[in-house]
Amino acid sequence: MRVVTDRLPAGASTTDGSLLLRERDTVPRVPSRSGLVVAWALLVAAAFTTTLLLSRGTALWLDEAQTVGIARLPVPDLLRALRTDGSPPFYYLLLHGWMRIFGSGDLAARSLSAVLAVGAVALIPYAGRLFGGKRTAAASALLLASAPFVHRYATEARMYTLVILLTVGWIVLVRGALDQPDTGVLAGVAVVTGLLLLTHYWAFFLLAVAGASLVLRWWRAASGGASRQASRRVLSALALGALAFLPWVPAFLSQLRHTGAPWGGTPGPWMFEASLRALAGDHGGVGLLGFVYVFLAALGLWGQAAAGGHLELDLAGRPVARPLALVVGGTLTLALVVSQLAGSAFAPRYAAVVLVPFLLLAGRGLALIEHRRALPLVVAVLVVLGLHQSFDAVAAARTEAPRIASVLRSRAQPGDLVAFCPDQLAPAVVRLMGPSAVDIATYPPGSPGERVNWVDYLERARRTRPATFAASLHQRAAGATVWLAWSPNYRAVGGACRGVTSKLRRLRPSFTRAALEDYSAYEHASLWRFPPTDD
């Protein structure tokens, strides 16, 4: 099936900043179902299966252990526990159902993310064709399938590949609704909008920018015209979808007041560079892959194929590409402004909400390269660097929890006290310890061992003096051993953990280091043993 689109006279331009304008007369809507497509699908599934199997050497770290710990709860308890976590519920409910079928082991919990990633790669050609035809569809799929960010979070029990899949579907549906705003497509827009908002709070920024773009399109369209009517109906669908968030508003407001991210700081302009590094899998700085992404995205925004195999550049941006650039830049800018005003923290992985429009822009740029030597070279750089950095990220140690848990399982005795400073170390270790007769304590107090309670976190830490906490551990474990898993490298509480350790060393001077800190792991800590004073 082919879809007739708005036609522009030769040389004409438009300033319409709305989402999903077209510059070609016709584009195919549905990708070919040839044997090549089947082979590509099998290759993608094999690649993500390989990265998932590679991740078996790394245990769940804090965020994953926290997520699985919440998702395992009965649904009413799950929803209550999220009030202490700071996340919306959809991914947790989805993971809850998944684990009821496949179990809650590391591989089982992570496999949901891999399946969602494969679904996103399978769906993105539909979006790519809407922004440039078959070549853009293939290029976008290649970029998404080899992106280090996607492989990293395809092997984590977190919501980011779900965000990516929903974003792809949302773009396809919105574009389709602007072309043909029938009830079924508009209903799809509403459903996916609601699911996005219930999956990650940064979706608010994405949808706000897209909504503003549609308002501009509606305002500039001729009164009574089809474009104006379509814009209005899509805006209505977005508003209807947002209503799905209403039942969650009380929990959201509670999270807004009481939970936060004490591990992170308020972002500055560096947020743009950090987001790019995250999307490209770079850590020390924006590496070669990041620069290639930026080059292709710039080419996708400004470039257009011309006669004779040449490229024409228009620094005003191509009509079909400007909306993508607006969504990427506008979403990150709005997130920066709101975060500055609200004092909320930032993590580069939040940029998952703009990964798809960014790679669609880059895919359009890659599709414009037709040089017989340049194209294979660029593709080789993208695939080799992308998969190399993907496998590095997947295979890297994420936590020292297995080593600490192994020591505790073999050496801790019933009645011993295992303390975690900060409590952020506890979920991954407690999960691996399994049922145990040891007692658990956390700093700051208030977190169950299997989860971190983020409610009023810094206030609870300020109320608890490190020396007093250490003394309470000493008294609580009178006649028994205190095991302290601790790290001084956590923002806001690292200094307090040094104080706890120093006080315990004075109270129980015959301490030993049972497991030293390994800084090569993302989540690193050491384990110290404090036997009774008469031991």
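Predicted model: local features only at pLDDT ≥ 70, side-chain atom pairs only at ≥ 80, totals over all residues.
Arg 398 and Glu 156 form a salt bridge, and their closest N and O atoms sit 3.5 Å apart. Arg 398 is in the loop between α17 (374-395) and α18 (401-411), while Glu 156 is in the loop between α7 (148-153) and α8 (160-179), so this pair ties together parts that are 242 residues apart in sequence.

As for solvent, both partners are out of its way: Arg 398 is buried, and Glu 156 is buried too.

Glu 64 has 0% relative accessibility, so it counts as buried. Arg 110 has a relative accessible area of 1%, and since the cut-off for buried is under 20%, it falls in that class too.

## A bridge inside one helix

Now for a pair within a single helix. Arg 463 and Glu 459 make a salt bridge whose closest N and O atoms are 3.0 Å apart. They are four residues apart in helix α20 (residues 457-463), so about one helical turn separates them.

How exposed are the two ends? Arg 463, at 57% relative accessibility, counts as exposed. Glu 459 has a relative accessible area of 38%, which makes it partly exposed.

## The nonpolar core

In soluble globular proteins, nonpolar side chains tend to be buried together. In this model, the largest nonpolar core has 159 residues. Those with the most contacts inside it are Leu 144, Trp 170, Trp 202, Tyr 293, Leu 382 and Leu 408. Helix α8 supplies the largest share of this core, with twelve residues.

Leu 144 makes a handy example. Setting aside neighbours within four places in sequence, Leu 144 is in contact with Ala 120, Val 121 and Ile 124, with Val 150 and Ile 164, and with Leu 355 and Leu 359.

Conventions: Residues numbered from 1 in each chain as written. Heavy atoms only, no water. Buried < 20%, exposed > 50% of the residue type's maximum accessible area, 1.4 Å probe, protein only. Salt bridge = Lys/Arg side-chain N within 4 Å of Asp/Glu carboxyl O. Helix = DSSP H or I, 4+ residues; strand = E, 2+ residues; numbered from the N terminus. Core = buried A, V, L, I, M, F, W, Y, C linked by side-chain atoms within 4.5 Å. Contact = heavy atoms within 4.5 Å.
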